[in-house]
Amino acid sequence: MTLKFTNDLQKFFITEQKDADSVEFSVNLENLDLITKEISLFFQAGDWLFLDGDLGSGKTTFVKNLLENWYSSEKGSSPTFSILNIFQLSNSRNNIEKIVHLDLYRIKNGNELFFLGLENEFSLKNSFCIFEWPYNIEIEEYNSFFKITGCQRPKRIFEISIELGEQNNSRLYCIKKINL
């Protein structure tokens, strides 16, 4: 990992600009742990992360690497069928003590959010929420969820788009800030 990459990440995460900037990079999957280690330093409790990408692009693998970097005693797994996995962190970093990992692949509309009890998880100040397939729910439906439940909105939301690279074991990542 180069110093320029670290400086670009630091500049990206620290600046207050919304929707205006992004960081793009290519990763050989053998080095994914180095990238997630670097990125995990900048996430904070109360943040949300939207992971967007095709089936098999590596969204759950990315989450597994994040959990390892946050010293989770549990190994991450895909919540495709359970929809929701929660991981407790014993060695808190950036005040993050709980990871709420959602896979919205099977969600058909935003009304289904009301049946998951998420308002309790979203309102915890020490949680970090990760969404796979976040755009299966319309932005207006997220806003409706917040309005109806009265639960706390995330401090910041980041999106990481993952695409298959030209080489078999490479991925293209684009990180940007978004607003709901």
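Modeller: Happy to! This is a predicted model, where local features need pLDDT of at least 70, side-chain atom pairs count only at pLDDT 80 or more, and totals for chains, interfaces and linings use all residues. Residues are numbered from 1 along each chain as its sequence is written, and side-chain values use heavy atoms, leaving out hydrogens and water.

Biologist: Which residues do ring pairs link into a cluster?

Modeller: Rings of Phe, Tyr and Trp (its six-membered ring) pair if their centres lie within 6.5 Å; planes under 30 degrees apart count as stacked, over 60 as edge-to-face and the rest as tilted. Linked in this way are Trp 48, Phe 50, Phe 114, Phe 131, Tyr 135, Tyr 142, Phe 145 and Phe 146.

Biologist: How many aromatic pairs does the structure hold, and what is the angle between the planes of Phe 13 and Phe 43?

Modeller: The structure holds 20 aromatic pairs. Phe 13 and Phe 43 form an edge-to-face one, 5.6 Å centre to centre, with the planes at 90°.

Biologist: Is Phe 43 buried or exposed?

Modeller: Buried means under 20% relative accessible area, exposed over 50%, partly exposed in between (1.4 Å probe, protein chains only). Because its relative accessible area is 1%, Phe 43 counts as buried.

Biologist: Which residues have the most contacts inside the largest nonpolar core?

Modeller: Such a core is a set of buried Ala, Val, Leu, Ile, Met, Phe, Trp, Tyr and Cys residues joined through side-chain atoms within 4.5 Å. The largest has 30 residues, and those with the most contacts inside it are Phe 13, Ile 39, Phe 43, Leu 49, Phe 62 and Ile 99.
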